[in-house]
Amino acid sequence: MKKNLLYLLFLILLGVMIGFVINYYQFKKQTTVVITALREQLTTKRSIEKITEITLNNIGFGLENILVKDSTSTQIPLKTFFGKGQQYLLVSRFLETNCESCVNYSIQMLKNKLPILKAENVLFLGGYRNNMLFNQLKPTYQIDSLNVANVTALPLPAEELGYPYYFVIDSTLTVLNVFVPDKGSPSIDERYLEAVQAKFFN
């Protein structure tokens, strides 16, 4: 009788422990889902605030006096990349001090949208002190057959952000907007590029 009672108590305790373990993992799973959702919301919110702040801090700057280097290290006016009658140019700006994965992401994101943006409307503008090194990197990013140039620095606050960024300039070389792509929220980057296409290159 005593043995049966102990066995029954053992089964009850075992059942309670199993139930506790199951509830614990269910709670952990639910908590992980909630935390992930909150993180995504916060990331989106932060991106929207960043977009607004960066744009306001950079619009209106003039780049009419900027000279850039081509593949032969010849300095040419930025205006050279505007075709006859072209009103706008989308620039993908990346510096040698930016993280490699960030640079690669920003370039590939833009390249994926070239079918709607059109290659002639886009300039990939590096910021490298050594133009020979920059030329060697072009095939790595598969941009060597596109509009590419190099200039160490631009007179824009966005240069201090530490991340690659996009900006649109008009034919007077005035900056119209600035946007920092974020590999953590690619859907926002896609919407930005689609909006640029609809507004400036439609």
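**Close-up views of a helix pair and aromatic contacts**

**View 1. The crossing of helix α2 with helix α5 is right-handed.** The model is predicted, with local features requiring pLDDT of at least 70 and side-chain atom pairs counting only at pLDDT 80 or more, while totals for chains, interfaces and linings use all residues. Residues are numbered from 1 along each chain as its sequence is written, and side-chain values use heavy atoms, without hydrogens and water. A crossing is right-handed if the near helix is turned clockwise from the far one by less than a right angle. Helix α2 (residues 100–112) and helix α5 (residues 186–200) pack at about 45°, and their axes are 10 Å apart.

**View 2. Residues of α2 meet residues of α5.** From α2, Tyr105, Met109 and Leu110 are in contact (heavy atoms within 4.5 Å) with Pro186, Asp189, Glu190 and Leu193 of α5. By class, this contact comprises 5 nonpolar, no polar and 2 charged residues.

**View 3. Tyrosine 166 and tyrosine 192 form a stacked pair.** Rings pair if their centres lie within 6.5 Å, and planes under 30 degrees apart count as stacked; here the centres are 6.3 Å apart and the planes lie at 10°, so the pair is stacked. Tyrosine 166 belongs to strand β6 (residues 165–170) and tyrosine 192 to helix α5, 26 residues apart, so that the pair links distant parts of the chain. Both tyrosines are buried (under 20% relative accessible area, 1.4 Å probe, protein chains only).

**View 4. Four aromatic residues form one cluster.** The members of this aromatic cluster are Phe94, Tyr128, Phe134 and Tyr141.

Conventions:
Axes fitted to C-alpha atoms, helices over the stretch in contact; angles between N-to-C directions. Helix = DSSP H or I, 4+ residues; strand = E, 2+ residues; numbered from the N terminus. Nonpolar A, V, L, I, M, F, W, Y, C, P; charged D, E, K, R; others polar. Phe/Tyr/Trp six-rings, centres within 6.5 Å; stacked < 30°, edge-to-face > 60°. Buried < 20%, exposed > 50% of the residue type's maximum accessible area, 1.4 Å probe, protein only.
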